[in-house]
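Open the model in your viewer and keep the selection tool at hand. The tour goes from one selection to the next.

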Amino acid sequence: MQEVELKKPALFLATVALISSVFVLEGSGGEKQTLTVRALSYRAIPHERTSYYQTQGQSSTSCYGSGTDLGYSTSISLNCQTVTTPPENIPITVRSLEVYNIVEANGMIYTITCTAHWVGSNCTWLIPGDTFQAEVKDTTMWITARKGGNMGKKIRPKFRILDARSK
């Protein structure tokens, strides 16, 4: 009787492992899935990093003068001027905006993120309560939205999915 009980858990675990591997294989590398998502909240975190570039210092000298040679004596009048430019530390500041959005679709809650490295970036926060068309493939979500609200230019920012869980 004990031998039968030991085989059942082993068979159950093997079945679960097989089913799990089938779901993993179907979920990865598949086609894009279309969803309608509703924005729940967002958080935008600005980042700023400054580094310094040092230029080389330099000096330049210019001279002018006159001289006479009388054969047994020589006279020279010389005037020199040196201009020195010291090394300079030039700051270079890089700014970016990291945006986290939480959206829901089909009973799932997704945490998605993108980073804007320039002013014209399509990375944006989604206004809570608004709905958007989205496509999902693997760990990427593309959302069709409008830049600056519902009257702006249509954009399709790309987000990385950090977390997906059921409600």
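This is a predicted model. Start by selecting R38 and E104, which form a salt bridge with their closest N and O atoms 2.2 Å apart. R38 lies in strand β1 and E104 in strand β4, so the pair ties together parts that are 66 residues apart in sequence. Now show the surface at this pair. R38 is partly exposed, with a relative accessible area of 35%. E104 has a value of 10% and is buried, because buried means under 20% relative accessible area.

Next, select E135 and K32. Their side chains meet in a salt bridge of 3.8 Å, N to O. E135 belongs to strand β6 (residues 131-137), while K32 sits in the loop between α1 (2-27) and β1 (33-55), so this contact joins parts 103 residues apart in sequence. E135 is partly exposed at 25% relative accessibility. K32 is partly exposed too, at 41%.

Move on to R165 and D163. These two form a salt bridge in which the closest N and O atoms are 2.7 Å apart. D163 is partly exposed, with a relative accessible area of 25%. How many salt bridges does the structure hold? The count is 6.

Last, select Y53, I90, I92 and V94. Together they form a nonpolar patch on the surface, with about 340 Å² of accessible area. Strand β4 (residues 88-105) supplies the largest share of the patch, 3 residues. V94 is found in strand β4, and its relative accessible area of 39% makes V94 partly exposed.

Technical notes:
Residues numbered from 1 in each chain as written. Predicted model: local features only at pLDDT ≥ 70, side-chain atom pairs only at ≥ 80, totals over all residues. Heavy atoms only, no water. Patch = residues over 30% accessible without salt bridge, like charges linked within 9 Å, V, L, I, M, F, W, Y side chains within 5 Å. Areas by Shrake-Rupley, 256 points an atom, 1.4 Å probe, with all protein chains shown as cover. Salt bridge = Lys/Arg side-chain N within 4 Å of Asp/Glu carboxyl O. Helix = DSSP H or I, 4+ residues; strand = E, 2+ residues; numbered from the N terminus. Buried < 20%, exposed > 50% of the residue type's maximum accessible area, 1.4 Å probe, protein only.
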